[in-house]
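Student: I'd like to learn how to read a pocket and a helix in a structure. Can you walk me through it?

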Amino acid sequence: MLLSGCAVNPATGNRQFTALMSPGREAEDGAKENKEIAAAYGTKYEGTALQAYLNTVGHRVAGSAERQDVTYRFFVLDTPRVNAFALPGGYVYVTRGLLALANSEDELAGVLAHEIGHIAARHLAERYSQNVLASLGAAALAVSLGSTDASQAFGIGAGLMEVQYSRDQETEADRLGVRYLARAGYNPLAMAHFLRDMDRYEKLESRASGTGDPGLSDFFSTHPQTSDRVARATAEAAAYPAVKAEEADIYLRQIDGLLYGDGIEQGLVRGNRFYHPALDVTFAAPDGFTLVNNADKVIARGPDGTLMLFDGAANNNRHDAPTYLSKDWLTGEAGAPVEQMTVGGHPAASAAFDARVNGHEMKIRLVAVQWTPDRIFRFQIAMKRDAPAALVDDLKRATFSLRNLTDPEKHTIRPYSIGLVKAGPGDTVENFGGRMAIKDKAVERFGVLNGMGDQDALMSGRIYKVIEN
Ligand code: ZN
């Protein structure tokens, strides 16, 4: 009886219990979630040459997949995070952060092939749960601190793109991806190449400060280990005939001028300072804190689990700062005294209380700054109860650093983008690294962005990516 619900998957040859999610249901769910993704990340790349190029590469790969009962669709998401993922019904997403990291059409095809592998093997239908839907709909930060258990409010990490596959599913998607690459006439080794570059990039980013948080699934899945994935994808590729060398130039010309890092609408992290030119606001995190700019909030992480969250909120009732803090925000902490102050010339209010955050006893401090009559900027700070006085002072100073942008800042603070430079005889990794607008680990970043090993030298006549400002 049970077996009658199973069908042999043409991609994997495995029997699958597919009654869980019919292809019709997949298409329906995919379409619904695609709307949410579009709402969250915008549709900036729709109708662009880059989108058309992605479609061409994507359909070439998808054409070699066993599964043809879905309509494959490809999208570029406006986020600096390096990621790719698929939704049920044939929806495949790559971020502009991933596009900036790839170095050839074959590598891009490799990423798409992996995601198409998940679709073809129907991993999404197998894995799919209400949890995913719930996280898609959930606002990332709970507005109300309704109880002393503030872990909800600080429960960061619930993102849009965290579809969790099993280890076996990732391995299978890699294997199918290599197969589709080869069938489509791409270099079957390209997926291994990109995995290797991604691994280097992730390591670089985790050591660099203030350039984003690369650690999300799916393509970035850390299980199985990336080194294992590279080794396996390389071995898998050996089963297919070698093809012509990857053509870097065709791909690189497609991403010339592509945004790199945060865009202007997302606000920009420069060193330990956050700038949001569109909202005319900036603040500096304490030295040694790492700033990560998320779509809806900025997270500064300090020593000992110290967190400082910054976000904006609508103040529809046009309440003054103390009223906003006590009535609109701090609904469950009636007893906490509210202190009035001025931050960056704007009326503000703060309150402090103790709470449990992720199981730890923490000291919480909230600051609401009335930036305009109907816009509030907020800090939420969580630190250990026995945090040293110096750290407490640093955090206080950080909240008071909130201010409008100066005129020079308004003219000079702008997003980074990918530029292309041709190497001439005598050019070196060092001098090209020196042309990078991001000075932090510039030479290393140049090498990683261009898929170069530590020993690789520039080749005269070839085009390389640099980061421009
Ligand atoms: Zn995957």
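Tutor: Pockets come first. On a 1 Å grid over the protein atoms alone, a pocket is an open set of points where a 1.4 Å probe fits, with protein on both sides within 12 Å along at least five of seven lines, and lining residues have an atom within 4 Å of a point. This is a predicted model, where local features need pLDDT of at least 70, side-chain atom pairs count only at pLDDT 80 or more, and totals for chains, interfaces and linings use all residues. Residues are numbered from 1 along each chain as its sequence is written, and side-chain values use heavy atoms, leaving out hydrogens and water.

Student: Which residues lie nearest the centre of the second largest pocket?

Tutor: Asn-103, Glu-107, Asn-450, Gly-451 and Arg-462 do, out of 17 lining residues. Helix α8 gives the most to that lining, with three residues.

Student: Now helices. How do I read which way one faces?

Tutor: An α-helix has 3.6 residues a turn, so residues three or four places apart point the same way. Helices here are DSSP runs (H or I, at least four residues), numbered from the N terminus. Take α2, residues 49-62: the buried ones (under 20% relative accessible area, 1.4 Å probe, protein chains only) include Leu-50, Tyr-53, Leu-54, Val-57 and Val-61. Seen down the axis of α2, its buried residues fall within an arc of 160° (taken from the directions from the axis to the C-beta atoms), so they line one face.

Student: Which exposed residues does the face of α2 turned away from its buried side carry?

Tutor: Ala-49 and Thr-56, where exposed means over 50%.

Definitions and conventions: Helices (H or I, at least four residues) and strands (E, at least two) are DSSP runs, numbered from the N terminus.
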